[in-house]
Amino acid sequence: MKDKSILRSEVLHVESNCPHCDSKINAYACMEEDAHPKEGDFNICVYCTTVFKYGPDLSLVFVTDEDLEDVSEDELPRRKENGRVVADFEKMGVILHEESF
Ligand SMILES: [Zn+2]
């Protein structure tokens, strides 16, 4: 199991908008040292909890069920909400506070 105490935040060199809520995404947090987003990586919008993946040029695109076939619920607790995949922060034990943003 990965050490979840490692959570680093970095500013992205490109800006994209969440494909669901249109919030500007210009930073990321990761749980591994020296990890940087690349095409195909998953991420979660902290504003609306939508799970998305990085496309070419780090654009953000919705995930499909096929994208998540090999990702277990332990790795990424999630549920469907109105046809889109959202992260289940409650199962992750994460509590989002408005001041976090
Ligand atoms: Zn969003």
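Buried means under 20% relative accessible area, exposed means over 50%, and partly exposed lies in between (1.4 Å probe, protein chains only). This is a predicted model: local features need pLDDT of at least 70, side-chain atom pairs count only at pLDDT 80 or more, and totals for chains, interfaces and linings use all residues. Residues are numbered from 1 along each chain as its sequence is written, and side-chain values use heavy atoms, with hydrogens and water left out.

**Stop 1: the zinc ion**

Select the zinc ion. Its protein donors are Cys18 (SG), Cys21 (SG), Cys45 (SG) and Cys48 (SG), at 2.2 to 2.3 Å. Donors are N, O and S atoms within 2.8 Å of the metal (3.2 Å for Na, K and Ca); water is not among the atoms, so sites may look incomplete. Now turn to the geometry. The arrangement is tetrahedral because the 4 donor atoms subtend angles of 106 to 112° at the zinc ion. Four donors count as tetrahedral if all angles lie between 85 and 135 degrees. The ideal angle for four tetrahedral donors is 109.5 degrees.

Along the sequence, the donor residues follow the spacing C-x2-C-x23-C-x2-C. Pick out cysteine 21 and cysteine 48: this pair links distant parts of the chain, 27 residues apart. Cysteine 21 sits in the loop between strand S1 (8-17) and strand S2 (24-30). Cysteine 48 sits in the loop between strand S3 (42-44) and strand S4 (51-54). Strands (E, at least two residues) are DSSP runs, numbered from the N terminus. Cysteine 21 is partly exposed at 29% relative accessible area, whereas cysteine 48 is buried at 14%.

**Stop 2: the nonpolar cores**

Select Leu12, Cys18, Ile25, Tyr28, Cys30, Ala35, Cys45, Cys48, Phe52, Tyr54, Leu58 and Leu60. These 12 residues make up the largest nonpolar core. Such a core is a set of buried Ala, Val, Leu, Ile, Met, Phe, Trp, Tyr and Cys residues joined through side-chain atoms within 4.5 Å. S2 and S4 are the elements that give two or more residues to this core. S2 gives the most, with 3 residues.

Centre on cysteine 45. Neighbours within four places in sequence aside, cysteine 45 is in contact (heavy atoms within 4.5 Å) with Cys18, Cys21, Ile25, Thr50 and Phe52. Then move to a second, separate core of 8 residues; Val71, Leu76, Val85 and Phe89 are among them.

**Stop 3: the aromatic rings**

Show phenylalanine 52 and tyrosine 54. Their rings form an edge-to-face pair, 6.0 Å centre to centre with 85° between the planes. Rings of Phe, Tyr and Trp (its six-membered ring) pair if their centres lie within 6.5 Å; planes under 30 degrees apart count as stacked, over 60 as edge-to-face and the rest as tilted. The count by this rule is 1 aromatic pair. Both phenylalanine 52 and tyrosine 54 are buried.

**Stop 4: the salt bridges**

The whole structure holds 9 salt bridges. Each is a side-chain nitrogen of Lys or Arg within 4 Å of a carboxyl oxygen of Asp or Glu. Select lysine 24 and glutamate 15: their side chains meet at 3.9 Å, N to O. Lysine 24 is partly exposed at 46% relative accessibility.

Next, show arginine 78 with glutamate 73. This salt bridge has its closest N and O atoms 4.0 Å apart. Arginine 78 is buried at 14%; glutamate 73 is partly exposed at 39%.

Finish at aspartate 88 and lysine 91. Their salt bridge also has closest N and O atoms 4.0 Å apart. Aspartate 88 is buried at 11%, and lysine 91 is exposed at 58%.

Note on methods. Four donors count as tetrahedral if all angles lie between 85 and 135 degrees; four count as square planar and six as octahedral if opposite donors are over 155 degrees apart and all others between 65 and 115; anything else is irregular. Helices (H or I, at least four residues) and strands (E, at least two) are DSSP runs, numbered from the N terminus.
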